[in-house]
Amino acid sequence: MRLAIISDIHSNLEALSAVLEDIDRHSADRIICLGDVVGYGADPSACMALLRGRGVDIIMGNHDEAAFSPEKRRYFSENAAFAIRWTAKQLGERELDELRSLPYRISFDGMLFVHSTPRSPERWDYLFSGLEARSQSAAFRERLCFVGHSHQPAIFSLEPAVQEYSATGRFIINPGSVGQPRDGDWRASYGLLDTVAATYDNHRVDYDVAVAARKIVAAGLPRRLAERLLDGR
Ligand code: ZN
């Protein structure tokens with residue numbers, strides 16, 4: 001099976017469209033989204049519709065949750081809070097219900113999918129280092145756990161001696177962010193797992209970042225949210 005893992009779309013339609021095209025070129029059998037479909041960007045409804053149309057399985061992210069649950073915006077930065085208020089106004093009741101129904105975790109075939117951490121998928125802690133990842137090792141039984149949230153692509157081996165992805169080791173993998181990468185590379189990021197070839201690869205995809213940035217400004221969203229797309233920070 002070829003599984004495409006995408007995360008942190010953040011209402012960036014240009015990035016999402018380009019990533020889905022790239023996934024089609026690699027003929028994936030299934031697409032999983034690790035959450036944060038909305039927030040920050042200018043096209044929340046269109047991104048939700050595109051994923052719905054493609055039958056993508058979606059996990060709950062903190063921005064998805066904050067769209068329908070205003071009390072969850074307490075810990076948001078000023079720009080994030082502004083954007084999620086704007087987002088909630090763009091979405092209809094059915095779309096908000098759709099976000100409300102998202103699961104905090106999905107598990108199948110020895111793989112766990114969450115937005116933040118395997119230990120507490122409904123809390124919004126971050127996993128930045130191998131050390132932090134290894135401290136989560138006993139919190140799940142599956143061989144692999146896919147996380148998003150940090151917008152930083154990473155492969156964390158749960159055995160300190162192992163460095164590279166293998167078909168037998170245990171790993172926590174972050175595919176990076178489609179719609180707002182923060183690792184200094186502005187290109188959209190996603191992961192492709194091939195269970196037959198026993199490979200995992202991070203892919204970077206060019207997209208029309210200028211259009212996505214212009215739409216953010218035109219929508220009256222904070223300018224910084226447009227600028228950060230251009231430098232990938
Ligand atoms: Zn995010």
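Sorted by class, the contact of H1 with H2 has seven nonpolar residues, one polar and no charged. Here Ala, Val, Leu, Ile, Met, Phe, Trp, Tyr, Cys and Pro count as nonpolar, Asp, Glu, Lys and Arg as charged, and the others, Gly among them, as polar.

This is a predicted model, in which local features need pLDDT of at least 70 and side-chain atom pairs count only at pLDDT 80 or more, while totals for chains, interfaces and linings use all residues. Residues are numbered from 1 along each chain as its sequence is written, and side-chain values use heavy atoms, with hydrogens and water left out.

Now the geometry. The axes of helix H1, residues 13–25, and helix H2, residues 44–53, cross at roughly 20° and come within 9 Å. H1 is therefore roughly parallel to H2 (angles under 35 degrees). The crossing of H1 and H2 is left-handed, that is, the near helix is turned anticlockwise from the far one by less than a right angle.

On to the second pair. The axes of H2 and helix H5, residues 93–100, come within 12 Å and cross at roughly 60°. H2 and H5 are therefore oblique to each other. Ser-45, Met-48 and Arg-52 of H2 make the contact with Glu-95, Glu-98 and Leu-99 of H5. By class, that contact of H2 with H5 has three charged, two nonpolar and one polar residue.

How values were computed: Axes fitted to C-alpha atoms, helices over the stretch in contact; angles between N-to-C directions. Helix = DSSP H or I, 4+ residues; strand = E, 2+ residues; numbered from the N terminus. Parallel < 35°, antiparallel > 145°, perpendicular 65-115°, else oblique. Contact = heavy atoms within 4.5 Å.
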